[in-house]
Amino acid sequence: MIIISIQGKIEGKIYCSTCKVKTNHGYILKYEETSNDFPEADFQFADSYYITKCLGCDTVAFFREYGDEDMVYLGEFETDKYVYPEEPVVEVPTVNYKYDIQYFKNAPDTILELYKQVVSCYELRHYLLAAVGLRMIIEGFCNDTSISDGYILDKSGNKKLDQDKKEMRKDNLEGRINGMEEAKLITPINAGILQQIRHLGNATVHELEVPKKSTVKKALNIIEDLIRTVYEYKEIKIND
Ligand SMILES: [Zn+2]
C-alpha cells in the first residue's frame, strides 16, 4: 500500500470537479521534464505533471503546467495550465431573458414550449400574442386536470342562476377557469385575471383588444404558480 501524503502545494488556484470552483490544491506526486533533461534542446522549457488533491474536498485529479522561454508576457513568466477532469465550458445562452423565466422539471413539453414562447412575446412587448399563448396554456391545464366545468359569473360578478334558481355550470373555458377556483387551485382574483386573458387571447373574436403589460405579467405569474402546483408538486390528479 502506498501512503499518500501531500508533497507540496500547487501555486495558484485550479479547478476542482467536485467543488466546481477553483480551489487550492496540493500534489501527491510530481513528474517534471525540463530542457535540462534534453541537452539537444535549443530553448528553455519546463513541463510538469502532477497528481493533485483538492485541499477543500480531497478529490484526486491531474494537473499539467507547461512553460517555455517564449511565454513571457509583459515581463511576467506565464504558463499553460491543464486540469483533468477539465472545467466545463460555460454555454452562453442564446436568449437573454430580462424576464425572470422559471425553469420547470416535470411540466409537459407542450406547456414548457408555450410558456417559453409567451415569455419571448412578453419581452418583445407582443402582449396580444402573449395573451393568445397564455390562453392556450390555460386550455392545456384544463385538459390535463380533472376540472371539467364551473360556475359562470354575470356582469356584476354574481354567480349566474338558471330558471330554477340553481347555479348555472358550463364546461367551456370560462366555466373551467372558475372550476379551478372552486378546486382552490387559484384565488377568485386570479380567476378574474385568467378570465381577462381568456377573453383577450381569443383570436377568433373580431375586435382584438391589446392587453396591458401588467395584465399579461400578472397572468404569467399565475400560470407559473399553476405549473408548479399541477406538474411540479403533483398535488393534482392528472388525466391520462
Ligand atoms: Zn474540491
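Modeller: C19 is partly exposed, with a relative accessibility of 29%. Keep in mind that this is a predicted model.

Now take the geometry. For four tetrahedral donors, the ideal angle at a metal is 109.5 degrees.

Next, the spacing along the chain.

C54 has a relative accessible area of 1%. That is under the 20% cut-off, so C54 counts as buried. C19, at 29%, lies between the 20% and 50% cut-offs, so it counts as partly exposed.

K20 is not a glycine, yet its phi is positive, at about 65°. K20 counts as exposed, with 57% relative accessibility.

Step back to the whole chain. The protein chain holds 5 helices and 11 strands. Its C-alpha trace spans about 105 × 45 × 25 Å along the principal axes. The radius of gyration is 31 Å, whereas a compact globule of 240 residues would come near 18 Å. Of the 240 residues, 36% are buried. Take the contacts with a separation of 6 or more: 48% of them join residues 24 or more positions apart. The accessible surface comes to about 15800 Å², and carbon and sulfur atoms account for 51% of it.

A cis peptide bond joins Y84 and P85, with omega about 0°. P85 lies in the loop between β9 and α1. P108 lies in the loop between β9 (80-84) and α1 as well. P108 counts as partly exposed, at 25% relative accessibility. Leaving out residues up to four places away in sequence, P108 touches D144 and Y231. How far is P108 from D58, C-alpha to C-alpha? The two are 40 Å apart in space and 50 residues apart in sequence.

Then come the helices. The loop between α1 and α2 contains R125. R125 has a positive phi of about 65°, although it is not a glycine. R125 is exposed, with a relative accessible area of 63%.

Helix α2 covers residues 127-144. Its 18 residues should span 26 Å at 1.5 Å a residue, and its end C-alpha atoms are 25 Å apart, which agrees. Buried residues of α2 include Y127, L134, I138 and F141. The buried residues of α2 pack against α1 (109-123), α3 (173-182), α4 (188-200) and α5 (213-232).

Which part of the structure encloses α3? Elements covering its buried residues include α2, β10 (150-151), β11 (169-170), α4 and α5. In α3, 8 of the 10 residues are buried, so this helix is largely enclosed by the rest of the structure. Among them are L173, I177 and M180.

R176 is part of helix α3. R176 counts as buried, at 17% relative accessibility. Not counting residues up to four places away in sequence, R176 touches several others, including C142, N143, D149 and D171. R176 and N143 are 33 residues apart in sequence, and their C-alpha atoms lie 9.6 Å apart. After α3 comes K184, whose phi is positive, near 60°.

Back to the starting point.

Methods
Residues are numbered from 1 along each chain as its sequence is written. This is a predicted model: local features need pLDDT of at least 70, side-chain atom pairs count only at pLDDT 80 or more; totals for chains, interfaces and linings use all residues. Side-chain values use heavy atoms; hydrogens and water are left out. Buried means under 20% relative accessible area, exposed over 50%, partly exposed in between (1.4 Å probe, protein chains only). Helices (H or I, at least four residues) and strands (E, at least two) are DSSP runs, numbered from the N terminus. The radius of gyration is taken over C-alpha atoms; the globule rule is 2.2 Å times the number of residues to the power 0.38. Contact means heavy atoms within 4.5 Å. Accessible areas come from the Shrake-Rupley method with a 1.4 Å probe; for residues, only the protein chains shown count as cover. The expected span of a helix is 1.5 Å times one less than its number of residues.
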